[in-house]
Amino acid sequence: MRDLPPPLPPEQRTVGQLVAESIRAYGQSFWRCMPLGVPLAVADQLSIHLDTGLQAFVYWSLTPLFVAAYIWGCRIVLSARPTPTAVALAVLIWLPFPVLRAFYILPGLAWLALIGLAVPVAMVERTQFRESLVRGRRLGLADYVHALGSLSALVVVVGVAANVLGAILHSQSDTGLRVAVFLSELVLSPLLYLGAALLYVDQSARTAVEAARPSRAAS
């Protein structure tokens, strides 16, 4: 059997490879990553059968859980310590998401792709609030198609896999179905946070390559 080609460096990493690297990171730290699945699993259980306004309220009420999950995902992938600035940024960035998600998931993902990398910026680069926001936006726009495509692909992969796993697990009762959905999201949704943290690596590498080009041309 032929060997697989070596993975591309972060500045050239494709959406598919980012998803694959997210799965690899999950497998390497499965039990440390498992708590990342709690926020989405709980939010979906509480918001089942609710209208969009109440669903948004549920997601808002669970802001501390979603913020903690993103911070912890960055901690695992990037080996960076949380900072008060990163926590404050995560709260600020999360607050519009439930409203954007109420219209459709894509506007919410577009927002996170644009500004969400400010959180790992604050953790890794130890920058202050405003500087982290500016840097996070710059990273998001370094290759916005890659950023939005990666987050969208992660959502699709997790959603499809959760539906398949839920169908395998659930019994005929409504309670059995809800338990199956909870377990499938608990197990699979950590990929969303791990992939978002890996996206910081990709976009930072792309930004560094772009910054190096003028100097190369000058030399």
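Q: Which side chain meets Glu125 in a salt bridge?
A: A salt bridge is a side-chain nitrogen of Lys or Arg within 4 Å of a carboxyl oxygen of Asp or Glu. For Glu125, the N to O distance is 3.1 Å. The partner is Arg135.

This is a predicted model: local features need pLDDT of at least 70, side-chain atom pairs count only at pLDDT 80 or more, and totals for chains, interfaces and linings use all residues. Residues are numbered from 1 along each chain as its sequence is written, and side-chain values use heavy atoms, with hydrogens and water left out.

Q: How many residues apart are Glu125 and Arg135?
A: Glu125 lies in the loop between α9 (118-124) and α10 (129-142). Arg135 is in helix α10. Helices (H or I, at least four residues) are DSSP runs, numbered from the N terminus. The pair links distant parts of the chain, and the separation is ten residues.

Q: Which residue forms a salt bridge with Asp143?
A: The closest N and O atoms are 3.1 Å apart. Asp143 sits in the loop between α10 and α11 (144-169). Its partner lies 63 residues apart from it, in helix α13 (residues 190-218). That partner is Arg206.

Q: Is Arg206 buried or exposed?
A: Buried means under 20% relative accessible area, exposed over 50%, partly exposed in between (1.4 Å probe, protein chains only). Arg206 has a relative accessible area of 11%, so Arg206 is buried.

Q: How many salt bridges does a search of the whole structure find?
A: Arg24 and Glu21 form one of them, with the closest N and O atoms 3.3 Å apart. The search of the whole structure gives a total of four.

How values were computed. Helix = DSSP H or I, 4+ residues; strand = E, 2+ residues; numbered from the N terminus.
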